[in-house]
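My notes follow, entry by entry.

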2 protein chains.
Amino acid sequence: MAANSRLTIAVHVLAWMALAKRRGREIMTSDEIAASVATNPVIVRRSLGDLREAGLVESRRGAGAGWLLAREPAAITLLDVHRAIGAEPLFALHATEPNLDCPVGLGIRPALTEVYAAADAAVARELAGRTVADVLAETLTHQERP
Amino acid sequence: MAANSRLTIAVHVLAWMALAKRRGREIMTSDEIAASVATNPVIVRRSLGDLREAGLVESRRGAGAGWLLAREPAAITLLDVHRAIGAEPLFALHATEPNLDCPVGLGIRPALTEVYAAADAAVARELAGRTVADVLAETLTHQERP
DNA sequence: GCTGATCGTAACAGAAACGGTTACGACTGG
DNA sequence: CCAGTCGTAACCGTTTCTGTTACGATCAGC
């Protein structure tokens with residue numbers, strides 16, 4: 001499977017908004033944000049739409065519109081972001097139902113469900129320990145051009 | 001993104017082989033295994049091929065051929081299986097390179113790489129704590145038909 | 001009001017991945 | 001020799017992902 005980059009995009013967007021806010025630009029348009037991520041503004045708006053539903057950002061419409069953070073960057077964990085963009089399980093069960101006449105086919109799904117839930121929880125704990133502010137700070141320590 | 005079911009298939013295959021071995025059937029064909037997983041034998045052979053490269057199973061060719069476990073089920077962790085089938089990172093970085101003229105675009109990839117590595121390691125720790133024998137035992141406790 | 005900037009969202013497209021299927025040559029115990 | 005099985009390539013339909021275009025909805029400021 002190729003993992004998707006939505007968490008990366010969302011965190012990038014939030015980190016950039018956090019830096020801009022610190023520089024006095026509280027409201028940003030999706031075009032401005034897209035310029036940093038180097039993607040299409042619609043991609044950014046889709047991502048921001050998810051973040052807004054989760055209460056992490058707000059949007060303003062009409063003239064002078066744009067997006068702004070709804071919380072301090074230090075109060076947004078990566079787990080908040082992960083959930084906001086619709087976290088999916090790490091591992092999938094069988095694409096088609098296994099043979100229930102076999103004892104393994106019958107019992108393995110509940111057994112694996114437990115294991116996968118534990119793995120999901122481990123990732124959640126890891127993401128819960130970092131905030132957008134942490135990522136921004138770490139980002140600013142890597143400023144050497146390749 | 002929808003996660004794939006390869007870990008599920010591989011663990012199912014190994015658990016079934018472990019149970020069959022305990023019942024005296026040490027060598028199994030991909031057809032027999034596929035009947036339990038309820039999928040195509042080629043899917044099973046692809047999975048078993050990965051497991052063989054990792055040294056978890058062996059294959060015999062010719063007449064009376066088939067597959068057998070190369071290690072005791074209690075000596076195969078789910079992390080072994082996860083790595084055998086080609087573990088991929090949980091989260092992807094940007095699909096296209098971000099704007100390196102923006103401080104966030106420049107520094108966020110190394111920052112997120114660290115975070116994602118920590119998340120991968122957390123999953124690895126979780127999977128390392130369970131063996132195929134554990135999963136089989138847990139599977140056999142779930143034998144009520146739905 | 002009007003206007004222009006921006007959001008919000010649907011529709012679409014190309015690429016890749018996934019599970020599945022068919023086919024067929026390679027191998028080997030009996 | 002030969003029947004049974006592995007090993008693997010080729011192909012298919014579906015889904016997902018990223019990206020693009022398009023266009024109506026909204027509204028601050030004039």
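**Salt bridges across the interface.** A salt bridge here is a side-chain nitrogen of Lys or Arg within 4 Å of a carboxyl oxygen of Asp or Glu. I noted A:Arg125 with B:Glu126, whose closest N and O atoms are 3.9 Å apart. A:Arg125, B:Glu126 and B:Arg130 are linked in a network of salt bridges.

**How I read the model.** This is a predicted model, in which local features need pLDDT of at least 70 and side-chain atom pairs count only at pLDDT 80 or more, while totals for chains, interfaces and linings use all residues. Residues are numbered from 1 along each chain as its sequence is written, chains are lettered from A and ligands numbered from 1 in the order in which they are written, and side-chain values use heavy atoms, with hydrogens and water left out.

**The rest of the interface.** I counted 16 residue pairs in polar contact between chain A and chain B, both at pLDDT 80 or more. (A polar contact is a pair of N or O atoms within 3.5 Å; within protein, one must be able to donate a hydrogen and the other to accept it, and residues adjacent in sequence count only if both atoms are side-chain atoms.) On the side of chain A that touches chain B, helices H1 (6-22), H2 (30-37), H4 (78-84), H5 (103-128) and H6 (132-140) of chain A each supply at least two residues. Helices are DSSP runs of H or I with at least four residues, strands are runs of E with at least two, and both are numbered from the N terminus. H5(A) gives the most to that side, with 19 residues.

I then checked the extent. The contact (heavy atoms within 4.5 Å) takes 66 residues from chain A and 66 residues from chain B. Together the chains bury about 5,400 Å², 65% of it on carbon and sulfur atoms. That buried area is the accessible area (1.4 Å probe) that two parts lose on being put together, summed over both.

**Symmetry.** How is chain A laid on chain B? I found a turn of 180° with a shift of 0.0 Å along the axis, giving an RMSD of 0.0 Å. The superposition is by least squares on the C-alpha atoms of residues with pLDDT of at least 70 in both copies. The two copies are thus related as by a two-fold rotation axis. In chain A, the C-alpha nearest the axis belongs to A:Ala122, 2.9 Å from it.

**One residue up close.** I picked B:Leu127, which lies in helix H5 (residues 103-128) of chain B. B:Leu127 is buried, with a relative accessible area of 0%; buried means under 20%, exposed over 50%, and partly exposed in between (1.4 Å probe, protein chains only). Leaving aside neighbours within four places in sequence, B:Leu127 has contacts including A:Phe91, A:Val115 and B:His82. B:Leu127 and B:His82 are 45 residues apart in sequence, yet 8.0 Å apart in space, C-alpha to C-alpha.

**Salt bridges within a chain.** Over all chains the structure holds 13 salt bridges. I liked A:Lys21 with A:Glu72, at 3.5 Å from N to O. That pair links distant parts of the chain, 51 residues apart: A:Lys21 is in helix H1 of chain A, and A:Glu72 is in the loop between strand S2 (66-69) and H4 of chain A. I also noted B:Arg25 with B:Glu32, at 2.6 Å from N to O.
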